[in-house]
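Let's take a look at a protein together, starting with its rings and working towards its core. Have the sequence and the 3D view open as you read.

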Amino acid sequence: MTAVLSHPAFRDFIALASLSIVAYAARYALLDETAFQSPLTESFMQRPWAIGLHAATGALGLLLCLGQMSRTLRAKRPDIHRWVGRITVPVAVTSGAAGLLLAVYSYGGWITHMGFGGLGVLTIACPILGWAAMRRKDVKTHRAWMLRTFLLLFAAVTLRIELPLLAAIFEGQFRPAYQIVSWLCWVPN
């Protein structure tokens, strides 16, 4: 698995997909009804600060994690890696906390509440556990937790890929597609 993750083509794909989702998330800065899928509009418009905070910190966390995975950076400039990590952890935790709040009000009922809620809880826990491992100087465990953090943040990318496919499978029905994607966007990651 490590060989696949470190392959240049795979890293390039991940970087491109991550940058795409950052650009996609920028639309949430508009915070008007055109920024959201119609069934999500009411919930998001009632909590524009939460969706804005979640989108901004999630996108930033995704970009920061990408840079943190650079072996060159870690080897040649560990001081930069440490400082960026000190920013990455609270950014990811904030994204998870905002996501957890949004999960409580998510469209689709208890299935999406639980799916997105699990994603939120883990997006809070994993960076904290990664930070704690580094404080113990347990580099191997730190890397494992921080990779999990990145993969949880990457759920934003997989959701945008999977949701239209699931909606097509369900012949345009948004609710069942959204219920499934609330789990499918992060569990396989």
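## Rings, charges and cores

The charged end of R47 sits over the ring of Y105, 3.7 Å from the ring's centre. To count here, NZ of Lys or CZ of Arg must be within 6 Å of the ring centre and within 35 degrees of the ring normal. R148 does this too, with its charged end over the ring of W145, 4.4 Å from the centre.

A quick word on the ground rules. This is a predicted model, where local features need pLDDT of at least 70 and side-chain atom pairs count only at pLDDT 80 or more, while totals for chains, interfaces and linings use all residues. Residues are numbered from 1 along each chain as its sequence is written, and side-chain values use heavy atoms, leaving out hydrogens and water.

Now for rings meeting rings. Rings of Phe, Tyr and Trp (its six-membered ring) pair if their centres lie within 6.5 Å; planes under 30 degrees apart count as stacked, over 60 as edge-to-face and the rest as tilted. By this rule there are six aromatic pairs, and here are two of them:

| Pair | Type | Centre to centre | Angle between planes |
|---|---|---|---|
| Y107 and F174 | tilted | 5.8 Å | 45 degrees |
| F174 and Y178 | stacked | 5.1 Å | 20 degrees |

Y107 lies in the loop between α6 (78-104) and α7 (110-135) and F174 in helix α10 (residues 174-184), so their pair ties together parts 67 residues apart in sequence. Helices here are DSSP runs (H or I, at least four residues), numbered from the N terminus. F174 and Y178, on the other hand, both lie in α10, four residues apart, which is about one turn of the helix. Ring pairs link Y107, F116, F174 and Y178 into a cluster.

Is F174 buried or exposed? Buried means under 20% relative accessible area, exposed over 50%, and partly exposed in between (1.4 Å probe, protein chains only). At 12%, F174 counts as buried, whereas Y107, at 25%, is partly exposed.

On to the nonpolar cores, which are sets of buried Ala, Val, Leu, Ile, Met, Phe, Trp, Tyr and Cys residues joined through side-chain atoms within 4.5 Å. The largest has 21 residues, and F116 and Y178 are among those with the most contacts inside it. Helix α9 (155-169) is one of the helices that supply at least two residues each, and α9 gives the most, with five. A second, separate core of nine residues includes C65, L66, L153 and V157.

Stepping back, the protein chain has ten helices and zero strands, and 41% of its 189 residues count as buried.
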